[in-house]
Amino acid sequence: MTTTKAVIPGSFDPITFGHLDIIERSTDRFDEIHICVLKNSSKAGTFSVDERMALIEESVKGLDNVTVHAFSGLLVDFCDEIGAQTIIRGLRAVSDFEYELRLTSMNKKLNSDVETLYMMTSTNYSFISSSVVKEVAAYKADVSDFVPEHVAKALNEKFKK
Ligand code: PNS
């Protein structure tokens, strides 16, 4: 029997309940879920890639078919490396569509064997993004409705000054 594998890529700077919603819902549908933190050469990010991975690992520790990776390069090359032909992305609102269309069209052009599947983010989380959560955390507001407790703690530490 073939093992079904899907890649959930992103910046995850940091992981939010929106990401976790997509990850958890994907775990029932594929044998293996591979979360991939893509290193972006042009964006430093708030958390280092190692910090982001540690925050993700802690968030998914109850999900036994999920593995966390970091990759520096093209997403389709990562898919090739682990033998996955499916990418999963979450869609929150129409405003995500244009950006996602660009990503998916480019990935399709780079490797037509890799298919991207979109999942609508649950409405409870449709307004959450890592950048909005960081903005709120920077003003010392409570972010516990948007991210797991250990991520809220890490955000508080980051914006302590
Ligand atoms: O969480 P994000 O920032 O919306 O995720 C974007 C990400 C990391 C999935 C995208 O930028 C990406 O795939 N980067 C890796 C480089 C790549 O493969 N580029 C080709 C598609 S434009």
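Ser-11 is partly exposed, with a relative accessible area of 34%. Here, buried means under 20% relative accessible area, exposed over 50%, and partly exposed in between, with a 1.4 Å probe and protein chains only. Accessible areas come from the Shrake-Rupley method with a 1.4 Å probe, and for residues only the protein chains shown count as cover. The model is predicted: local features need pLDDT of at least 70, side-chain atom pairs count only at pLDDT 80 or more, and totals for chains, interfaces and linings use all residues. Residues are numbered from 1 along each chain as its sequence is written, and side-chain values use heavy atoms, leaving out hydrogens and water.

Ser-11 sits in the loop between strand S1 (5-10) and helix H1 (17-27). Helices (H or I, at least four residues) and strands (E, at least two) are DSSP runs, numbered from the N terminus. Leaving aside residues up to four places away in sequence, Ser-11 touches Val-37, Lys-43 and Arg-52; contact means heavy atoms within 4.5 Å. Lys-43 lies in the loop between strand S2 (32-38) and helix H2 (49-59). Lys-43 is exposed, at a relative accessible area of 52%.

An unreviewed UniProt entry annotates Ser-11, Lys-43, Leu-75 and Arg-89 as "binding site". The lining of the largest pocket takes in Ser-11, Lys-43, Leu-75 and Arg-89 from this set. UniProt positions follow the numbering used here, feature names are shortened, and annotations may be inferred rather than shown by experiment. A pocket is an open set of points, on a 1 Å grid over the protein atoms alone, where a 1.4 Å probe fits, with protein on both sides within 12 Å along at least five of seven lines; lining residues have an atom within 4 Å of a point.

The residues around the ligand include Ser-11, Leu-75, Arg-89 and Tyr-99, counted by a heavy atom within 4 Å of it. A backbone N or O atom of Leu-75 lies 2.8 Å from a ligand oxygen atom. For Arg-89, a polar side-chain atom lies 3.0 Å from an oxygen atom of the ligand. For Tyr-99, the corresponding distance from a polar side-chain atom to a ligand oxygen atom is 3.2 Å. Taken alone, the ligand exposes 550 Å², and the protein buries 74% of that.

Arg-89 also meets Leu-117, a residue of strand S5 (residues 115-120). Their C-alpha atoms are separated by 6.4 Å, with Leu-117 and Arg-89 28 residues apart along the chain. Beyond residues up to four places away in sequence, Leu-117 touches Phe-30, Thr-86, Ile-87, Ile-88 and Arg-89. Leu-117 is partly exposed, with a relative accessible area of 39%.

Technical notes:
Polar contact = N/O pair within 3.5 Å; in protein donor to acceptor, adjacent residues only side chain to side chain.
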